[in-house]
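Student: Could we go through this structure together? I would like to begin with its strands.

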Amino acid sequence: MKISSFVPIHNRSSYSLLRGCLNPVDIVEQASLAGFSAVGMVDINNFYGMVRFRSSARNFCIKPLSGVAIVPPSGPRFTALCLTRQGFGRANELVTAVLREGPWDPVNDLLEKGWKGLYILSEDRDFLSRLRERGSSNLYTALFHGKPFHRLALWGRKAGIPPMALNDAVCKTRRDQQLFKILRAIDLNTTVDTLDPGELLRPEHEMVEADAMERFFSAIPEALENGMKFARQAEQFLLPQHYVFPAFQGLTEPEAFRQLQGLCIEGVRRRYGQVRGDIQKRLEYELSIIRRKGFSSYFLVVHNIVRRFPRTCGRGSSASSIVAYLLGITHVDPLTSNLFFERFLNMGRMDPPDIDVDFPWDEREQALRYVFKTYPGASAMVADHVTFGPRSSLREPARAFGFEEEEINALQRQRSMGRWERVPPYLRWAAARLRGMVRHIGTHPGGVVITPGKITDYTHIQTSPLGFPVIAWEKDGAEEAGLVKIDLLGNRSLGVLRDTIALVNHRHESGNPAEEGERGADGPISWENFHPLKDAATRELIEAGDTLGVFYVESPATRQLLRKMGVGDYEHLVIASSIIRPAANAYINEFVRRLHSAPYDPLHPTVAETLKETYGIMVYQEDVSRVAIDSCGFTPEEADGLRKILSKKDRQTKVEKYREQFFQKGLKQGLSGRVLRTLWDGIRSFEGYSFCKAHSASYALVSYKCAWLKRYYPLEFLVSVINNGGGFYSRQVYLNAVRRMGFTILGPCVNRSDRRFTACGGALRVGLSQLREVSASYIQRLLDEREIHGPFTSFRDLIVRTEPGFGDIRIIVRSGAADSSAGGLTRPQMLWSYFHRSREEDLFGGPGVPDCIGDYDLKVMLADEVKTMDLLISCHPLEFYENRIRQVLKGGDIPTRISSGHIHEYSGRRISIGGTLVTEKEVLTKKRKMMSFVSFEDPEGIFETVVFPDVYNRLLERLYTGYGFLVIGKVEEKFGVYQIQVDDVVPLDKGAVSFGQHNRWYMPAYRVSQITLTDN
């Protein structure tokens, strides 16, 4: 077999962000098939794909060679090939510089700091000549296949700069050249037909075989040899072979451990009051593992952050650790809740602990800035590699081919409806190729890494829109690169808790702690000691599924599950919030059946005790590990590996290997094939999206606190929900809930509203920030003026003191916010007065307001509510459809109309019911057909419907017509919960067609602003 004298070093991947077609795995696979012992990947201005590339090379037993093509906005282009780890760090500095906004001179940078550990290659003679001033070591002239090279090679020989032969591979086949055109059109926001010829690929950009390279460079064989030289000399391991993390405040590991131990002893006194035997045993066990694994500093770093920002919810598997609980990182007692520590950390686990901490969404930035201030130049956020998804992989190439927006929407609907064959073949091909390809680099919601020294020794960084440093890799890549991640995340419901507690405590201070007849809190509520898990009234609220606004358990599916269960204690809420995942649908009804005392036989004695508390059904991630250990004799390390691989994107091949192992070991343990298949089906239900028990226990604690506050302080609670951006539903839905509870909703007011929504005297007052198109600067000016000089006594006073522009005052007036200062003027009269004010005289020094100017009628005022606030505050939106509903009921064979409060009286019967669209969830059936669960609302409440595939396919376009509908279907009951199986819907909005016909609208709209009030 002939040994090639060529190594494919210069392959550009799709990680070059719309300037490359090749998948890193394909690059390695092609090189392996061609018999190469080494292969390189060189992307433009980044190492985003480096971890994936090197992992693939390891799988194919081929040596990975890493480099980067530095392409500044202006100036010389060059390639830096990484020879050593030191060189990789230097390359990271260069990439960081080119990604940083502002001028940068790469020549001066290289002349000043050198390029030790790098090979520097370029076609630019001036660039190479200037660098030669520092020395010619590891400087090369870059000779690319397909391009004339004789003059450059001759110049390099005279200058003492040797040549290196490179393949500038961007694509694999000619068809990829079309894909590249699409990528460039997307990047440049143009169409493929108008691309500049310079943006197109040439034949030499395809991958080439060794023979072709050897023929092309036959006159200069040393160019090929220099590539081989680099491949031989390059270090195999540029990334750390173990996890790296800084020592806390420079402490040695023994010193850090002693400090950690001392903090835990203090935590025992704070959390438990005294040391018990079970506490001591668990603490010693966990500390022994932390010490042996060398993770003391990691816990101290997280504790240092959390103690400065204590309004937190530690979640994820770390909540199973008593050490994290004692440090105040988590807040669920792992002993009481029987949490599985080994899911978080064990001696066999090779990856580091992963601590997730939630902060109130508007406080997280402070925590992040503290980290970057404490570890400057050694900390950054984890990236998010944003890929082309189901929608963008079709939408963006369609736009590149010149499709109009309406046509693209139509194509999207065809795809959603399963009519993929109606999309043009070339678009289907483009969508398939783009799907999963990296589109751009974003920022992880909260992942932070901290390094022992300069972060550029490990990765390059760039700046996020918020000004935070961001590393090259997403969470899995960061972990594989040896970087230990801490998740500092934002959670809106912690903001809800904080704000509601503040309002409740204010009520205590003002002498009105609770509504008449309610118990509420006995005194001010403290954040750390607020644990209302034994409250009977809260449990009843949860059992009734009355959890709208309650974090984590307010989705339609979860509220229905809670009602089916009829059990609302904390332990069962933990189960409910974990089992309610898409892949577990097949097990939920069986779980409810068993919960209500239905008999069942444990699958096997070995797992009966393991799954006892969840009625023999696998609910939590750690159940996968426990079942594999108990039933099939897996080691803890093997079981944890199975559990982890189920959540990976590229899991399929490895999962199949685990399946073989599971069945082989299970059969040896004496389990039957039937039992093993059932157990394995349960394990497979954890693929992708699932939770560990500790995570659910942490969030269920927040849920219980929210539920308690809703039970005793519903107005303050829902005001806080709205002010913190809502939850699962739109703001309108929460306002409707406030009205149903009997509270008054007051409109915005220049004299009484704050910026945010407020609770006052048993009423909710809309905040001024809800006003659409009113500038934030004007609202601030108005609030400041009112604070300093008091309320506005007249419309004239308002105008004189705040000096609004017409755009601002128009919204203020038409929303009703100026009514309290109107001084007897109607809204049209106020606008007339604003236009006719005299600049020379007093505001109304001219003629009086004409008597012929009247007021808007009620319908116009209500329309103005929607237009100015995107809310309807005076009544429920469905009331505007009553005329339309009556017309529909007269014109067709429509069954009896009912309201949501009477659905339970019509079980098994076909009915009609008016409702506004609240939310929709599309799901795929086992037969890969689309169906949907749709929530609607009328003045009495939210009601749930199911639309099965055949009906959904027929009604899909109608469901996308607007906001109001007459829903027709059969009422069904299961476990005491009612839903409507839909067989038809009648759209009620303007432009919607008559009963039984289709329409042409495609965009979904779940907002009240869709209402055409004047036409109903």
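Student: What is the strand order in the open sheet of three strands?
Tutor: The order is E14-E16-E15, with mixed pairing. Two strands pair if DSSP finds at least two bridges between them, and strands (E, at least two residues) and helices (H or I, at least four) are DSSP runs numbered from the N terminus. This is a predicted model, in which local features need pLDDT of at least 70, side-chain atom pairs count only at pLDDT 80 or more, and totals for chains, interfaces and linings use all residues. Residues are numbered from 1 along each chain as its sequence is written, and side-chain values use heavy atoms, with hydrogens and water left out.

Student: In what sense do E14 and E16 pair?
Tutor: E14 pairs with strand E16 (residues 763-765) in the parallel sense, over three bridges. Within E16, alanine 763 is the bridge partner of threonine 744.

Student: Changing topic, which residues of helix H6 are buried?
Tutor: In H6 (residues 150-159), Leu152, Ala153, Trp155, Gly156 and Ala159 are buried; the term means under 20% relative accessible area, with exposed over 50% and partly exposed in between (1.4 Å probe, protein chains only).

Student: Why do they count as being on the same side of H6?
Tutor: Because they cover an arc of only 160° around the axis, the arc being that of the directions from the helix axis to the C-beta atoms. On the other side of H6, His150, Arg151, Arg157 and Lys158 are exposed.

Student: And what comes after H6?
Tutor: Glycine 160 follows H6, and its phi is positive, near 75°.

Student: How many aromatic pairs are there?
Tutor: The structure holds 37. Rings of Phe, Tyr and Trp (its six-membered ring) pair if their centres lie within 6.5 Å; planes under 30 degrees apart count as stacked, over 60 as edge-to-face and the rest as tilted. One of the pairs, phenylalanine 662 with tryptophan 680, is tilted, at 5.3 Å centre to centre and 45° between the planes. This pair links distant parts of the chain, 18 residues apart: phenylalanine 662 lies in helix H27 (residues 652-668) and tryptophan 680 in helix H28 (residues 673-684).

Student: Is phenylalanine 662 buried or exposed?
Tutor: Phenylalanine 662 counts as buried because its relative accessibility is 0%. Tryptophan 680 is also buried, with a relative accessible area of 4%.
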